[in-house]
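User: Hi! I would like to go through this structure with you, one feature at a time. Could you show it first?

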Amino acid sequence: MAIEIERKFLVDHEKWQQLAKPDAMHFRQGYIFSDEKKTIRVRVTDTEAYITIKGGTAGFSRSEFEYTIPKTDGIQLLDNFAVSELEKYRYNINYAGKLWEVDVFVSDNEGLLMAEIELDSEDEKFDLPPWVTTEVTGDKRYYNSFLSANPFKSW
């Protein structure tokens, strides 16, 4: 079984604006099913599409199965089967030997900036970039599945 070990943090807007960044990738992401124990997500990028099945979170870990699908299939799944959806731009930033994925949310979640880091173990040590602020790993409000149905602008 594939396991995702991930930590999430909010990002300081001012420091983020000052940071030199690579090009971003646009994500359209929707949920076919979502509850506390599992989600089925479809994600379409500028060039690809994926279907992802995730289990419930225990600590910082959860089971994850992700498969590439044809982009046209991904768009059709989002258009016809997603019960909730969000959009964001993702920046991949290397810091202190680790890949940080920084999501800049748009539309109903505009104003939310979140950084994620995937780890090899729950107790793995890593350095925080200066643009990272509060950890929100265990806060369900910051799960993308929650944000797709309960946008940041409505908090």
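**Cavity, lysine and rings**

Analyst: Happy to! The largest cavity holds about 90 Å³ of space. Please keep in mind that this is a predicted model.

User: Thanks! How many cavities of 30 Å³ or more are there?

Analyst: The cut-off here is 30 Å³, and the count by that rule comes to one cavity. So that we speak of space in a clear way: rolling a probe the size of a water molecule over the atoms shows where empty space is left. The number you asked for is one.

User: Which element gives the most to the lining of the largest cavity?

Analyst: The lining consists of Glu4, Glu6, Lys8, Thr57, Gly59, Phe60, Ser61, Arg62, Thr137 and Tyr143. With three residues, the top contributor is E1.

User: Lys8 is on that lining list. Is Lys8 buried or exposed?

Analyst: Lys8 sits in strand E1, which covers residues 3–11. Its relative accessible area is 5%, and the cut-off for a buried residue is under 20%. Lys8 is therefore buried.

User: Which side chain makes a polar contact of 3.3 Å with the side chain of Lys8?

Analyst: Leaving out neighbours within four places in sequence, Lys8 is in contact with several residues, including Met114, Glu116, Glu135 and Tyr142. From Tyr142, the backbone oxygen lies 3.4 Å from a polar atom of the Lys8 side chain. The side chain that makes the 3.3 Å polar contact belongs to Glu116.

User: On to the rings. What is the angle between the planes of Trp100 and Phe126?

Analyst: A search of the whole structure gives eight aromatic pairs. Trp100 and Phe126 form one that is edge-to-face, with 5.9 Å centre to centre. Trp100 is in strand E7 (residues 98–105) and Phe126 in the loop between strand E8 (113–118) and strand E9 (132–135), 26 residues apart. The angle between their planes is 65°.

User: How many residues apart in sequence are Tyr142 and Trp155?

Analyst: These two form an edge-to-face pair, 5.2 Å centre to centre with 75° between the planes. Tyr142 is buried at 8% relative accessibility, whereas Trp155 is partly exposed at 39%. Tyr142 lies in the loop between E9 and helix H3 (144–149) and Trp155 in the segment after H3, so the pair ties together parts whose separation in sequence is 13 residues.

User: Nice. Which residue lies over the face of Trp16?

Analyst: Trp16 belongs to one aromatic cluster with Phe9, Tyr91, Trp100, Phe126 and Trp131. Elsewhere, the charged end of Arg7 sits over the ring of Phe60, 4.4 Å from its centre. Over the face of Trp16, at 4.9 Å from the ring centre, lies Lys21.

User: Last one: how far apart in space are Ile93 and Ala20, C-alpha to C-alpha?

Analyst: Ile93 lies in strand E6 (residues 84–95) and is buried at 10% relative accessibility. Beyond its sequence neighbours within four places, Ile93 is in contact with residues including Trp16, Leu19, Lys21 and Pro22. Ile93 and Ala20 are 73 residues apart in sequence, and their C-alpha distance is 9.7 Å.

Terms used:
Residues numbered from 1 in each chain as written. Predicted model: local features only at pLDDT ≥ 70, side-chain atom pairs only at ≥ 80, totals over all residues. Heavy atoms only, no water. Helix = DSSP H or I, 4+ residues; strand = E, 2+ residues; numbered from the N terminus. Buried < 20%, exposed > 50% of the residue type's maximum accessible area, 1.4 Å probe, protein only. Polar contact = N/O pair within 3.5 Å; in protein donor to acceptor, adjacent residues only side chain to side chain. Contact = heavy atoms within 4.5 Å. Phe/Tyr/Trp six-rings, centres within 6.5 Å; stacked < 30°, edge-to-face > 60°. Lys NZ or Arg CZ within 6 Å of the ring centre and 35° of its normal. 1 Å grid on protein atoms, 1.4 Å probe; cavity = no way out; pocket = protein on both sides within 12 Å on 5 of 7 lines; lining within 4 Å. Points joined across faces, edges and corners; volume = space filled by probe spheres on them.
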